[in-house]
Amino acid sequence: MTVIRLTRMGRKKKPFYRIVVTDSRKKRDGGWIESLGYYNPLTQPEIVKFDKERLAYWKSVGAKMSERVAKLTK
């Protein structure tokens, strides 16, 4: 099953996340199918940018969103 979730980037104590589509059996930072956007929690205000059209496409073909991604993309 495909899932839309965050994958961690950046370095130690400086997290930066990508919103990606991946297979649910892969590790958090394993390979992914497509990158939809990013989330930077360290800036004020926090930055969340993503492609709404691609997110809608992946949801329409059955990809599930993680709880965190669902909150960020509202």
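**Salt bridges and beyond**

Biologist: How many salt bridges does the count come to?

Modeller: The count comes to two salt bridges, where a salt bridge is a side-chain nitrogen of Lys or Arg within 4 Å of a carboxyl oxygen of Asp or Glu. Please keep in mind that this is a predicted model, in which local features need pLDDT of at least 70 and side-chain atom pairs count only at pLDDT 80 or more, while totals for chains, interfaces and linings use all residues. Residues are numbered from 1 along each chain as its sequence is written, and side-chain values use heavy atoms, with hydrogens and water left out.

Biologist: OK, so which residue does Asp 23 form a salt bridge with?

Modeller: Asp 23 pairs with Arg 25, and their closest N and O atoms are 2.9 Å apart. Asp 23 is partly exposed, with a relative accessible area of 21%, whereas Arg 25 counts as exposed at 71%; here buried means under 20% relative accessible area, exposed over 50%, and partly exposed in between, using a 1.4 Å probe and protein chains only.

Biologist: And what does Glu 34 meet in a salt bridge?

Modeller: The side chain of Glu 34 meets that of Arg 54, at 2.9 Å from N to O. Glu 34 lies in strand S3 and Arg 54 in helix H1, so this pair ties together parts that are 20 residues apart in sequence. Helices (H or I, at least four residues) and strands (E, at least two) are DSSP runs, numbered from the N terminus.

Biologist: Buried or exposed, what does Glu 34 count as?

Modeller: Glu 34 counts as buried, at 18% relative accessibility, while Arg 54, at 29%, counts as partly exposed.

Biologist: Switching topic, how do strands S1 and S2 run?

Modeller: S1 (residues 2–11) and S2 (residues 14–23) run antiparallel and are joined by ten bridges, and two strands are said to pair if DSSP finds at least two bridges between them. Arg 11 has Lys 14 in S2 as its bridge partner. Two residues sit between the strands of this hairpin, and Lys 13 takes a positive phi near 65 degrees there.

Biologist: In which sense do S1 and S5 pair?

Modeller: S1 pairs with S5 (residues 64–65) in the parallel sense, over two bridges, and Val 3 has Lys 64 in S5 as its bridge partner.

Biologist: How many aromatic pairs does a search of the whole structure find?

Modeller: The search finds three aromatic pairs, meaning rings of Phe, Tyr and Trp (its six-membered ring) whose centres lie within 6.5 Å, with planes under 30 degrees apart counted as stacked, over 60 as edge-to-face and the rest as tilted. One of them is the stacked pair of Phe 16 and Tyr 38, at 5.6 Å centre to centre and 25 degrees between the planes. Phe 16 lies in S2 and Tyr 38 in S3 (residues 34–40), so the pair ties together parts that are 22 residues apart in sequence.

Biologist: Last one: how many residues make up the largest nonpolar core?

Modeller: The largest nonpolar core has twelve residues, including Tyr 17, Tyr 39 and Leu 72; such a core is a set of buried Ala, Val, Leu, Ile, Met, Phe, Trp, Tyr and Cys residues joined through side-chain atoms within 4.5 Å. S2 gives the most to this core, with three residues.
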